[in-house]
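The following note sets out comments on the structure shown below.

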Amino acid sequence: SKDAAAYCGDCALFQCEDCCKSHEVLKVLKKHKVTAIIELDRGNLRSKAAQFMCSKHTSGKLELYCCSCKSLVCYECAFLEHPQPQHQVKHMKDCVTPFKEEVCKAVSSLVQEAKA
């Protein structure tokens with residue numbers, strides 16, 4: 001658990017320095033909007049938070065991830081538009097750790113290759 005160095009608007013997560021490096025190196029993450037902590041202000045954070053509200057259900061926060069559709073959804077969307085068993089819906093927190101581990105392994109591998 002390292003201190004946050006930046007905020008990724010696409011991932012909606014604060015990230016340590018190592019995770020920030022992965023955004024610079026991994027092709028799939030290169031286009032993400034990463035902002036250094038020092039550059040963030042409260043107004044900027046509020047506008048970023050609004051980006052993670054459901055466009056269909058104004059009070060719905062995008063807290064769930066549909067693994068089948070690869071999209072963030074609110075609880076109401078999950079219930080109405082992403083029914084089980086056709087869709088596999090998980091809480092976003094449960095999806096972050098495996099992805100983070102995958103990114104960390106990829107970054108470590110790239111660092112080792114660069115040193116060789």
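1. In this predicted model, His 87 is in contact with Cys 66, Ser 68, Cys 69, Glu 81 and His 82, leaving aside its neighbours within four places in sequence. His 87 is found in the loop between helix H3 (75-81) and E6. With a relative accessible area of 16%, His 87 is buried, the cut-off for that class being under 20%.

2. The peptide bond leading from Gln 84 to Pro 85 is cis, and its omega is near 0°. A check of this bond in the displayed model may start from these two residues, Gln 84 and Pro 85.

3. Strand E6 belongs to an open sheet of three strands, in the order E5-E4-E6, with antiparallel pairing. Strand E5 (71-73) and strand E6 (89-91) stand at the edges with a single partner strand each, so one side of each has no neighbour in the sheet. From one strand to the next, the twist averages 35°.

4. Within this sheet, strand E4 (residues 64-66) and E5 run antiparallel and are joined by three bridges. Tyr 65 has Leu 72 in E5 as its bridge partner. Helix H4 (residues 92-115) packs on the sheet and touches E4, E5 and E6; the direction of H4 makes about 85° with that of E6.

5. The loop between E4 and E5 contains Lys 70. This residue has a positive phi of about 55°, although Lys 70 is not a glycine. Is Lys 70 buried or exposed? At 65% relative accessibility, Lys 70 counts as exposed, because the class begins over 50%.

6. A further open sheet is formed by three strands in the order E2-E1-E3, and here too the pairing is antiparallel. Its edge strands are strand E2 (13-15) and strand E3 (34-36), each of which pairs on one side only. The twist averages 30° from one strand to the next.

7. Strand E1 (residues 6-8) pairs with E2 over three bridges in the antiparallel sense. Leu 13 in E2 is the bridge partner of Cys 8. Helix H1 (residues 17-25) packs on this sheet, where H1 touches E1, E2 and E3. The direction of H1 makes about 105° with that of E2.

8. Which residues of H1 are buried? They are Cys 19, Cys 20, Ser 22 and His 23. Seen down the axis of H1, the buried residues fall within an arc of 155°, so they line one face of the helix. On the other side of H1, Glu 17 and Glu 24 are exposed. The cover over the buried residues of H1 includes E1, E2, E3 and H4.

9. The axes of H1 and H4 come within 9 Å and cross at roughly 70°. H1 and H4 are therefore roughly perpendicular to each other, because angles of 65 to 115 degrees are classed in this way.

10. Where H1 and H4 meet, H1 contributes Asp 18, Cys 19, Ser 22 and Val 25. From H4 come Lys 100, Val 103, Val 107 and Leu 110. Cys 19 and Ser 22 are among the buried residues of H1.

11. Ile 38 is found in the loop between E3 and helix H2 (42-50). Its relative accessible area is 78%, and Ile 38 is exposed. The C-alpha atoms of Ile 38 and Ala 5 are separated by 8.4 Å, whereas the two residues are 33 residues apart along the chain.

12. As to the overall arrangement, the protein has four helices and six strands. The elements run β-β-α-β-α-β-β-α-β-α from the N terminus on. Of the 116 residues in the protein, 28% are buried. The accessible surface of the protein comes to about 8400 Å², and 54% of this belongs to carbon and sulfur atoms. Among contacts between residues at least 6 apart in sequence, 34% join residues at least 24 apart.

Notes
Residues numbered from 1 in each chain as written. Predicted model: local features only at pLDDT ≥ 70, side-chain atom pairs only at ≥ 80, totals over all residues. Heavy atoms only, no water. Pairing = 2+ DSSP bridges. Helix = DSSP H or I, 4+ residues; strand = E, 2+ residues; numbered from the N terminus. Axes fitted to C-alpha atoms, helices over the stretch in contact; angles between N-to-C directions. Contact = heavy atoms within 4.5 Å. Buried < 20%, exposed > 50% of the residue type's maximum accessible area, 1.4 Å probe, protein only. Arc of directions from axis to C-beta. Areas by Shrake-Rupley, 256 points an atom, 1.4 Å probe, with all protein chains shown as cover. Parallel < 35°, antiparallel > 145°, perpendicular 65-115°, else oblique.
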